[in-house]
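Me: I would like to go through this structure and ask what the terms used for it rest on.

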Amino acid sequence: QVQVAESGGGLVQAGGTLRVSCVASGTIFSIDAMAWYRQAPGKQRELVAQSISGGSTNYADSVKGRFTLSRDYAKNTLYLEMNSLKPEDTAVYYCYYTIRSDRLSPRYDYWGQGTQVTVSS
């Protein structure tokens, strides 16, 4: 059994900074991918940043240079530092993990419950 939980988020003025965190707990053998997605009202969920096994990180063009994804492998924790926030960054932010619970099990996808980020103009 694996649980994924986010924290952080909130309300900030345009140009401000926020950090959201996400931790995976339970029976974890390996984490093969971690990512942050977001979904604004009336829009589809979109990829914000992803960390692939091996250390590479990809960012959406809209957040490049402003957002930084980092991870603490020992704590199974993922962070998203968001700088120079804009009103269009307002959304519910979700973390995502691809996890294997043991050496022989398949990979499963896990989503956090979401955390609201609101940027006021």
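Reply: Trp36, Leu80, Met82, Tyr93 and Tyr97 touch the most other members of the largest nonpolar core, which has 29 residues. This is a predicted model, where local features need pLDDT of at least 70, side-chain atom pairs count only at pLDDT 80 or more, and totals for chains, interfaces and linings use all residues. Residues are numbered from 1 along each chain as its sequence is written, and side-chain values use heavy atoms, with hydrogens and water left out.

Me: What makes a set of residues a nonpolar core?

Reply: Its members are buried Ala, Val, Leu, Ile, Met, Phe, Trp, Tyr and Cys residues joined through side-chain atoms within 4.5 Å.

Me: How many aromatic pairs does a search of the whole structure find?

Reply: The search finds three. In one of them, tyrosine 96 and tryptophan 111 lie 5.0 Å centre to centre with 55 degrees between the planes, and the pair is tilted. Rings of Phe, Tyr and Trp (its six-membered ring) pair if their centres lie within 6.5 Å; planes under 30 degrees apart count as stacked, over 60 as edge-to-face and the rest as tilted, which means that 55 degrees is tilted.

Me: Which residues do ring pairs link into a cluster?

Reply: The cluster consists of Tyr37, Tyr96 and Trp111.

Technical notes:
Buried < 20%, exposed > 50% of the residue type's maximum accessible area, 1.4 Å probe, protein only.
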